[in-house]
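The entries follow in the order in which I went through them.

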Amino acid sequence: VSDGTTAGTRLVVDLLPGTDGSQPQLFAAFQNGAVFTARTMAGTGLWFTDGSVSGTVQLAPVTLFQSERPLAIGNQLFFSGWGAGYPKLWISDGTPAGTREVDPTGGPMGAIALTDVAGTLCFISTAAGRVFKSDGTAAGTGEIAPLANYGTSYELAAWNGRLGFSSYPGSGSSTNGELWISDGTAAGTARLRSGFVARVSGIRAFGPRFLFIADDGVVGTEM
C-alpha cells in the first residue's frame with residue numbers, strides 16, 4: 001500500500017510466507033478498502049483489506065468463478081464463487097459473518113458479466129445463458145424477461161439507467177446476432193435490431209449512446 005511517498009509505501013500483510021507469495025488478484029474497490037482473491041496455506045479465498053494488518057480479513061474461503069471480478073453496488077458486494085461443487089452468486093457486507101450465497105438452497109447460478117444498472121445487479125447466468133437481476137435475496141433474483149425470445153446472452157452494458165445486451169437466438173434462427181435493451185422488467189425488454197450474421201460484441205456505454213461491434217453481412221465487421 002502507498003500514500004504516494006517513499007516512507008508511506010509498505011507491505012500490507014504476508015498472507016503466504018515464502019517465495020511463492022499469495023498471488024493477490026482481481027482487486028475491486030469496496031467500502032473504505034478493497035477486496036481481492038489470494039492464496040494461503042488453507043487454500044484460495046476472497047479477502048478484504050483497509051490497508052492495515054488488522055483490517056485484512058478473509059470474507060469467504062471460495063474461488064471466484066471464471067475469474068469474474070467482484071462488483072460493489074452501494075454497501076453490498078456481489079461475486080460469483082464456487083459453492084458445493086458448482087458456482088453460485090454470493091453477496092457480502094464486508095464482513096465474514098455477512099458473506100453468504102444469495103440462494104443457498106438453489107441450484108447452480110454461475111454469474112458472469114456482473115453489471116450495475118442504476119443500483120441493481122444484472123448478470124448472465126451461465127446455467128441458463130440468460131440475463132438475470134438480483135437484489136441480494138433468493139426471492140429477488142430471477143430473469144429480467146423470462147418469456148422474451150432473445151436466446152443466449154453474451155455481453156451486458158449499463159446505459160442511461162437501462163441495460164443493453166447481445167444475444168444469439170440459436171440454431172434454426174434466421175439471424176445469428178441481436179441487440180436488445182431492457183429497463184429490468186419484462187415489459188421494458190425489447191429487441192433493438194436483429195439480422196447480424198455474427199455475434200454482437202464490444203458493447204460499451206458512450207455518453208447518450210452505446211457502441212457495439214457487429215457484422216450485418218454487407219460491410220463486414222464494423223462499429
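For the entries below I count two residues as being in contact when heavy atoms of theirs lie within 4.5 Å. I keep in mind throughout that this is a predicted model.

Entry on the loop glycine. I located Gly110 in the loop that runs between β8 (99-101) and β9 (111-117), and I then looked up its neighbours, leaving aside residues up to four places away in sequence, which gave Phe65, Ser80, Pro87, Ile124, Ser125 and Thr126. For Phe65, which is 45 residues apart from Gly110 along the chain, I noted a C-alpha separation of 6.9 Å.

Entry on the cores. The largest nonpolar core has 14 residues, and those touching the most other members are Val131, Ile144, Tyr150, Leu156, Leu163 and Phe165. I found that β9, β10 (120-125) and β14 (162-168) are the elements giving two or more residues to this core. Another core, of 13 residues, lies apart from it and includes Leu26, Ala28, Ala60 and Trp90. Returning to Val131, I listed among its contacts Phe123, Glu143 and Ser153, again without residues up to four places away in sequence.

Entry on the sheet. I traced an open sheet of 3 strands in the order β17-β18-β19, with antiparallel pairing. Because β17 (201-206) and β19 (221-222) each have a single partner strand, one side of each is left without a neighbour in the sheet. Between β17 and β18 (residues 209-215) I noted 4 bridges, and I saw Ala205 standing opposite Phe210 in β18.

Key: Residues are numbered from 1 along each chain as its sequence is written. This is a predicted model: local features need pLDDT of at least 70, side-chain atom pairs count only at pLDDT 80 or more; totals for chains, interfaces and linings use all residues. Side-chain values use heavy atoms; hydrogens and water are left out. Two strands pair if DSSP finds at least two bridges between them. A nonpolar core is a set of buried Ala, Val, Leu, Ile, Met, Phe, Trp, Tyr and Cys residues joined through side-chain atoms within 4.5 Å. Buried means under 20% relative accessible area, exposed over 50%, partly exposed in between (1.4 Å probe, protein chains only).
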